[in-house]
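Let's take a walk through this structure together, one piece at a time. Keep the 3D view open while you read.

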Amino acid sequence: MNKTSGRKWSLLLVLCLSFTMVLSACGGGNSASKNEPPAPTNKEVSGNDQGGANNGGEGGGSPLDLAMKGEYKGTKVTMFGPFVDADQVKFENSIKEFEEKTGIDIQYEGSKEFEATINIRVDGGNAPDIADFPQPGLLASIAKTGKVIDLTTILDQEKLKANYNQSWLDMGTMDGKDGKIMAGIWNRSNVKSLVWYPKKQFEEAGYEVPETWDELMALTEQIAKDGDAAWNIGIESGAATGWAATDWVEDIMLRTTSPENYDKWVKGELSFTSPEVKHAVEVMSEIWLNKDYVYGGTKSIVTTAFGDAPAPMFDNPPKSWFHRQGNFITSFFPETAKVDVDYDWFYLPPIDEQYGKPVLVAGDIYAMFNDRPEVRAVMEFFTTGESIKTWVQSGGVIAPMNDAALDWYSSESDRRMAKLVQEASTLRFDGSDLMPGQVGAGTFWKGMTDYVSGTATLDKALEQIQAGWNN
Amino acid sequence: MVGRKKRKGSKTVVNLVLGFICLLWLIPTLGLFISSFRPAADILQTGWWNVFPHQEWKKSGESIQLSKETDLRQPIEVAGKTFSDDQLKSGVTVDGDRLMWENRRARTLSVMEQGWEFKPALTLDNYKNVLSGKEYKLKNADGSETVQKGSGLSQAFWNTLTIAVPATVIPVLISSFAAYAFAWLRFPGRKTLFVVIIAMLVIPLQVALIPVLKDYTSLGLNGSYLGIWLAHTAFGLPLVIYFMYNFISQLPKDLFESAFIDGASHFTIFSRLILPLSVPALASIGIFQFLWVWNDYLVSLIFIGNQPGVQVMSMKIADLVGSRGNDWHLLTSAAFISMLMPLAIFFLLQKYFVRGLMGGSVKG
């Protein structure tokens with residue numbers, strides 16, 4: 001009895017010991033690799049640096065200059081964002097040179113579930129140093145909690161003003177815990193007011209790019225008479241079905257009413273049931289609800305995946321001719337199709353002349369959650385065109401910074417897009433991304449889907465969408 | 001005799017019904033399997049059953065040219081008959097042949113006849129892309145293209161295995177200790193403690209995510225294997241304890257009593273008697289826990305993240321689809337590759353599986 005119990009205890013002891021050893025080994029290694037200085041030092045550093053930034057140049061230059069000198073060699077900056085796969089490869093290529101020069105290791109982590117995860121991470125105290133938000137509305141809601149670091153004193157405002165169109169800076173300013181803060185800076189943008197068309201066949205058929213809305217509608221009718229449906233439209237996108245329709249409404253809103261009204265609408269001050277919004281949807285319906293104008297007829301709009309919609313344009317002969325979508329859609333085009341040769345885009349024409357040439361854009365805003373000198377350096381790097389140069393070259397994105405030269409773009413199509421953004425009379429961000437989630441990513445999607453599929457009348461659908469504001 | 005015949009007959013009926021249900025259950029998987037060998041463009045156009053020999057309308061080579069001035073919005077006259085545009089779009093059958101637009105713009109109709117289609121277009125590209133990584137074409141400044149290869153599934157596979165094996169062994173081990181204690185040891189608060197553990201079964205793990213994440217952050221366990229082992233262990237324990245308790249408490253009491261009289265300690269009883277006797281239960285709950293951990297997405301998403309060094313299969317597969325879902329067709333083959341491991345485990349341990357399930361369910 002004694003013997004066995006002795007053996008039992010020694011075994012238990014060994015088990016316990018080995019378990020604690022494993023625990024301490026793993027735990028210790030991890031906390032060392034995280035390399036996070038304790039909070040109090042953080043504050044001190046930020047205090048010092050604020051002084052430095054304000055005095056300008058006193059401490060040997062901006063964080064970026066210091067980083068370039070190798071001050072922060074061996075440090076790590078974690079980054080979290082929604083882009084994965086091919087985009088991640090492009091991103092990593094674009095920061096490679098910076099990492100090599102400065103010795104700062106930017107550890108990017110991409111997740112398809114970014115929108116759902118970022119809140120949990122921030123709440124759980126595990127926020128990344130820098131996060132990439134494709135929806136400023138989401139960042140705005142986190143900024144309100146006071147967990148986003150105000151960039152006003154961290155980045156040199158003069159430099160920012162010189163390098164960004166003022167409307168980009170305005171869109172980065174949000175309500176913080178106490179007053180307005182600069183919640184983020186824009187690193188990438190994409191343009192939405194584009195109509196893609198199969199260039200070669202378009203020219204062979206003798207069509208001309210329409211400059212006004214009337215010309216566009218006349219051409220649409222002409223194509224219908226010739227035997228094709230002019231437009232291919234698809235809004236199916238799984239749980240997000242309907243978002244493609246919201247872009248149309250936003251684009252037409254900008255062309256039929258003033259930018260001020262658009263801003264009010266986005267903020268919820270102008271109701272969806274107002275005549276302005278209703279008129280915009282009616283203009284859209286002239287195309288959408290005409291079965292001769294839409295490939296597959298109106299009923300196919302809701303069931304066609306947004307990425308598959310442009311496919312008929314690349315048949316020979318094309319079965320449809322126009323696809324209104326942002327520049328990212330080119331990643332869905334067949335690999336054999338060549339930009340500037342097989343396909344190209346034209347600007348969705350203005351409807352009412354008095355509103356000029358408005359352009360609808362979207363983009364990615366970078367926000368900072370942990371204030372360390374090396375994070376500041378990386379943030380400053382992201383405000384320069386250099387940080388996105390190779391991505392711009394490989395296509396698919398437009399740099400919002402002014403120091404991104406037009407000759408970086410490797411295709412004429414991208415170059416024209418960048419020019420379109422720079423020359424736009426009005427630049428407005430995708431409204432549904434700015435509205436609160438329950439409207440912009442909820443009732444707006446659903447209401448439009450119901451309307452297009454015919455389960456709700458226009459008035460009823462608009463009421464439904466508006467009801468989202470009350471929740 | 002009559003009774004036996006009747007029973008035999010009803011058995012065939014039961015088997016038929018079961019076979020039918022099995023078939024129904026398997027059809028979606030079969031469809032997915034076939035789709036995983038088809039090119040993406042084909043998946044979009046036709047259903048997976050088109051890989052089997054079937055009849056379809058084929059172009060006969062003949063076509064009818066209508067007048068260029070034909071108004072498509074009016075009834076269209078073809079060889080003495082009138083059709084509507086919609087009819088011609090979807091195809092209309094006339095005397096065994098089918099008329100359909102070949103080129104609506106040029107106003108040509110093609111005449112189609114029915115024929116057999118035997119050769120399906122199948123490809124291994126989906127598997128190739130998933131296993132060895134996709135190729136990304138990147139444009140350089142001068143317009144030339146470089147091809148960069150992405151990573152395949154192998155790293156994620158080992159990561160998942162590194163997570164799944166300890167996350168199965170640890171809870172099963174701990175819970176069999178606990179189940180033995182609950183079943184055969186008498187200590188104060190035993191019933192209350194047991195009820196508390198059973199009550200935990202009801203709590204969804206989602207409510208624990210943020211509090212646990214906060215603790216992990218302060219302990220520095222985030223993104224480490226240890227952290228996720230502990231998380232899976234904790235989330236799995238209530239069910240595993242309950243299951244093991246049901247099994248162990250059914251073992252004959254006399255066995256332990258005689259062992260105890262012969263001088264065996266609790267630990268000896270546990271390691272020499274309980275463990276060998278409960279192999280079926282251990283195996284079946286092991287399969288359950290392993291499957292759960294292998295397929296898990298949420299817990300990994302929160303506690304381990306998406307860094308390539310620790311990324312698990314389910315997350316890697318989700319990423320394969322691309323930021324905007326452009327490579328959705330790769331999901332088909334990726335699903336089958338990720339299924340291989342659980343299937344292997346299942347067939348390896350399946351003889352215990354049924355026994356173990358019974359052990360937990362039949363009381364008394």
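## A four-stranded sheet in chain B

Start in chain B, where 4 strands make an open sheet in the order β1-β6-β5-β4, with antiparallel pairing. The edges belong to β1 (54–65) and β4 (92–94) of chain B, and each of these pairs on one side only. If you ignore direction, neighbouring strands in this sheet are turned by 40 degrees against each other on average. Keep in mind that you're looking at a predicted model.

What holds strands like these together? Strands of a sheet pair through backbone hydrogen bonds, and they can do so parallel or antiparallel. Zoom in on one pair: β4(B) and β5 (residues 97–103) of chain B run antiparallel, over 3 bridges. To see one partner, look for Arg98(B) in β5(B), which is the bridge partner of Thr93(B).

## How chain B is divided

Now zoom out. Chain B splits into domain 1 (2–35), domain 2 (53–117) and domain 3 (154–361). How far apart are the C-alpha centres of domain 1 and domain 2 of chain B? They lie 44 Å apart.

## Chain A in outline

Of the 471 residues in chain A, 47% count as buried. Look at contacts in chain A between residues at least 6 apart in sequence: 77% of them join residues at least 24 apart.

## One helix up close

Let's pick helix α13 (residues 275–288) of chain A. With 14 residues at 1.5 Å a residue, α13 of chain A should span 20 Å, and its end C-alpha atoms are 19 Å apart, so the two agree.

Which residues of α13(A) are buried? They are Val277(A), Ala280(A), Val281(A), Met284(A), Ile287(A) and Trp288(A). These residues cover an arc of only 100 degrees around the axis, so they sit on the same side of α13(A). Here's the background: an α-helix has 3.6 residues a turn, so residues three or four places apart point the same way.

On the face turned away from the buried side, α13(A) carries the exposed residues Pro275(A) and Glu286(A). The buried residues of α13(A) pack against several elements of chain A, including α10 (213–226), β8 (229–231) and α11 (243–256).

## Where the chains meet

Finally, 44 residues of chain A are in contact with 43 residues of chain B. Elements giving two or more residues to chain A's side include α4 (85–102), β2 (105–110) and α5 (114–123) of chain A. The most comes from α1(A), with 9 residues.

Note on methods:
Residues numbered from 1 in each chain as written. Chains lettered and ligands numbered in written order. Predicted model: local features only at pLDDT ≥ 70, side-chain atom pairs only at ≥ 80, totals over all residues. Domains from an automatic or database assignment. Expected span 1.5 Å × (residues − 1). Buried ≥ 20, exposed ≤ 12 C-beta atoms within 10 Å, placed from the backbone. Arc of directions from axis to C-beta. Contact = placed C-beta atoms within 7 Å. Pairing = 2+ DSSP bridges. Axes fitted to C-alpha atoms, helices over the stretch in contact; angles between N-to-C directions.
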